[in-house]
Each structure stands twice: as structure tokens, then as C-alpha cells.
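Okay, thanks for coming, everyone. Let me put it up on the screen.

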Amino acid sequence: MSFRTPSIPHLATLQHLSQHHALPIYVVGGALRDTLLERTCHDIDLITPGDPTSIAQAFSTHQSGHWFCPDQQRRYSRVIVNKGETVLQYDFAPFRAETLAEDLRLRDFTINAIACPLDDLARWIDPLAGRTDLKNRLLRECSAQSFSDDPLRMLKGLRHCAQFDLSIEGTTWQHCQHAAPQLAQVAGERIRQE
């Protein structure tokens, strides 16, 4: 499995905006997981310790993209950029907790709880050993609350297993089975999308 530096489209622009707004930006989740699996990724998740809305809007303007805000309460922005025939999606969100490490622990699975600062993409931050789990082809929840926080994560986990040829870790599978009835509370449109 490769431990190469992730390739982030429009990196120089994002680094410039991070410096200009004096707000560190971290790439997290799927883009890093896909880098390790040597897969192409068109969805880039970016998180910051503060509100990234102004960075997302400036990035959209600079790239002639389309900015919108799917969740104003969370200050979560999305920018869609056309790069030739490829459509890239950039999601900007503030930390879900006080620190980066706490934010990563609130995520769904360890393979998605990895971060790299945009100003040093060679520095992998992996407090839950997601790289090891990915190397061992294992899907492991970040915490015992992963499924109660969002029951849809069960379906996402099954999709990850099929898509990336993973096995579900034993305790994670037990928690998934226990939380399965909670899927009935999830909106049908979210289930269809997943």
C-alpha cells in the first residue's frame, strides 16, 4: 500500500487562501483513503479550526466554480469545479470539536479519520490507526457511538466493504447489528443516496 503524498487539485490556490485568511486547512477522509488505495478521488473534504465559508467562497470565485451552503448551521460549504471533463467537489467544514484529534474521533470509520495539513501533505495525522486498518483491509468504527450518531453510517460501511474489499471488524459488526433498527429513523432520500 502506498504512503505517497496526496495529490490535491488546485493545491496552490487553497494554500494561498489558507495563508491569506490565516486559517489552517486540513484535507481529511476519502481523498487520503483513496490516495493510500491508489484510486482517483474527485471529492475533497477540507476542514478548518474556524469558519471556512469565506475561504470556500473565494476558492469558488478563483476557480469559476459553483458555491453553495448545504448546512448553514454547521457553516458547511460545497464548491463544484469543472476541470476539463472532470467534476471536482470540495467540501469545506469547521472542526466538529475543539481540536483536530477530537474531530477525527467523531468521524465514522478509522479509514476516514486521517488528516494532512495542506501546508505539509507529507505529514499524515492518524490517531486511530486508519492506515493500518486499511492495509489490513479492515473496517473499524471510530467509536462505540459511530452508528448512534448517524445510523446511515451502517450502509456507508457496507458500501465501503464492497467498494474497497474490506472486512468488518468484530466489535464494529456487533454495534452495527445492535443499531440496525435505528435505520428506520433515517430519511428515505438519504438512504437512497447512500
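**Glu-141 and its surroundings**

So, let's start with a side-chain pair: Glu-141 and His-175 make a polar contact through their side chains, at 2.4 Å. Keep in mind, by the way, that this is a predicted model.

Where does Glu-141 sit? It's in the loop that runs between β7 (138-139) and α6 (146-149). And is Glu-141 buried or exposed? Its relative accessible area is 8%, so it counts as buried.

Now, who's around it? Leaving out residues up to four places away in sequence, Glu-141 touches Asp-108, Phe-109 and Thr-110, then Ser-146 and Phe-147, and finally Thr-171, Thr-172 and His-175. Take Phe-109 from that group: Phe-109 and Glu-141 are 32 residues apart in the sequence, yet their C-alpha atoms are 4.3 Å apart in space.

**The cysteines**

Okay, over to the sulfurs. How many disulfides does the structure hold? The number is 0.

Cys-176 isn't in a disulfide either: its nearest cysteine sulfur belongs to Cys-161, 9.0 Å away, and the cut-off here is 2.5 Å.

As for accessibility, Cys-116 is buried, at 0%, and Cys-176 is buried too, with a relative accessible area of 9%.

Over to you for questions.

Definitions and conventions. Residues numbered from 1 in each chain as written. Predicted model: local features only at pLDDT ≥ 70, side-chain atom pairs only at ≥ 80, totals over all residues. Heavy atoms only, no water. Helix = DSSP H or I, 4+ residues; strand = E, 2+ residues; numbered from the N terminus. Buried < 20%, exposed > 50% of the residue type's maximum accessible area, 1.4 Å probe, protein only. Contact = heavy atoms within 4.5 Å. Polar contact = N/O pair within 3.5 Å; in protein donor to acceptor, adjacent residues only side chain to side chain.
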